[in-house]
Amino acid sequence: MSEVSTRAWTRPHDWAEVVIGVVAALSPLWLSTSNAAMWTMVILGALVAIDGLVSLGAPGAVYGEGIQIVLGVLLFIAPWVIGYTGLNGASWTSWVAGALTIIASVAAMPVANAAHRTAGQH
């Protein structure tokens with residue numbers, strides 16, 4: 001069985017979530033957006049990045065990965081819910097960033113669970 005990293009700031013899944021969140025939050029700088037699309041992407045992207053940073057600092061906190069999955073789903077469905085599917089760049093950025101957030105979070109869940117169990121054994 002592979003070794004589980006319980007050290008803070010070392011898990012690649014969480015770094016991926018931070019990068020995805022930053023890209024989503026900053027994407028209105030280079031994409032055409034409406035006011036609602038811009039604020040949706042900025043707020044959800046910032047929340048994804050912040051939660052990724054929290055998960056990096058506390059690798060045994062399993063709840064952070066669950067929150068990431070919810071944020072990824074919200075980012076993915078945002079173009080339909082907020083109504084900016086007509087803005088191709090903003091829509092595709094939301095769909096791709098949301099899907100990648102969900103994938104990274106699901107991949108990180110077993111690692112976070114193992115780190116949580118390992119931290120509880122001390």
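Reader: How many salt bridges does the structure hold?
Author: Happy to start there. This is a predicted model, where local features need pLDDT of at least 70, side-chain atom pairs count only at pLDDT 80 or more, and totals for chains, interfaces and linings use all residues. Residues are numbered from 1 along each chain as its sequence is written, and side-chain values use heavy atoms, with hydrogens and water left out. Taking a salt bridge as a side-chain nitrogen of Lys or Arg within 4 Å of a carboxyl oxygen of Asp or Glu, the structure holds 2.

Reader: Which residues do the salt bridges join into one network?
Author: Side chains of opposite charge can pair when their charged atoms come close. In another, the side chains of E65 and R11 meet at 3.2 Å, N to O. Shared partners therefore give one network of R11, D14 and E65.

Reader: How many residues apart are E65 and R11?
Author: A helix here is a DSSP run of H or I with at least four residues, numbered from the N terminus. E65 and R11 pair in a salt bridge. This pair links distant parts of the chain, with E65 in helix 3 and R11 in the segment before helix 1 (12–26), and the separation is 54 residues.

Reader: Are E65 and R11 buried or exposed?
Author: The scale uses relative accessible area with a 1.4 Å probe and protein chains only: buried is under 20%, exposed is over 50%, and partly exposed is in between. On that scale, E65 and R11 are both buried.

Reader: Where does helix 3 bend?
Author: Helix 3 covers residues 63–83, and its 21 residues reach 30 Å from first C-alpha to last, close to the 30 Å expected at 1.5 Å a residue. That expected span is 1.5 Å times one less than the number of residues. A bend is the angle between axes fitted to the seven residues ending at a residue and the seven starting there. The bend in helix 3 is about 55°, with the proline P79 following within four residues, and its place is I77.

Reader: Why does I77 count as partly exposed?
Author: Partly exposed residues lie between the buried and exposed limits. I77 falls there because its relative accessible area is 32%.

Reader: What accessible area does the nonpolar patch with I77 have?
Author: Patches take residues with over 30% relative accessible area and no salt bridge, joining like charges within 9 Å and nonpolar side chains (Val, Leu, Ile, Met, Phe, Trp, Tyr) within 5 Å. Areas come from the Shrake-Rupley method with a 1.4 Å probe, and for residues only the protein chains shown count as cover. The surface patch is formed by V70, V73, L74, F76, I77, W80, V81 and I82, and together they have about 700 Å².

Reader: Which residues does W80 contact, leaving aside its neighbours within four places in sequence?
Author: W80 is found in helix 3 and is exposed, at a relative accessible area of 52%. Contact means heavy atoms within 4.5 Å. With those neighbours left aside, the partners of W80 are T85 and W95.

Reader: Is S91 buried or exposed?
Author: S91 is found in helix 4 (residues 88–120). Not counting residues up to four places away in sequence, S91 touches P79, Y84, T85 and G86. Its relative accessibility is 1%, so S91 counts as buried.

Conventions:
Helices (H or I, at least four residues) and strands (E, at least two) are DSSP runs, numbered from the N terminus.
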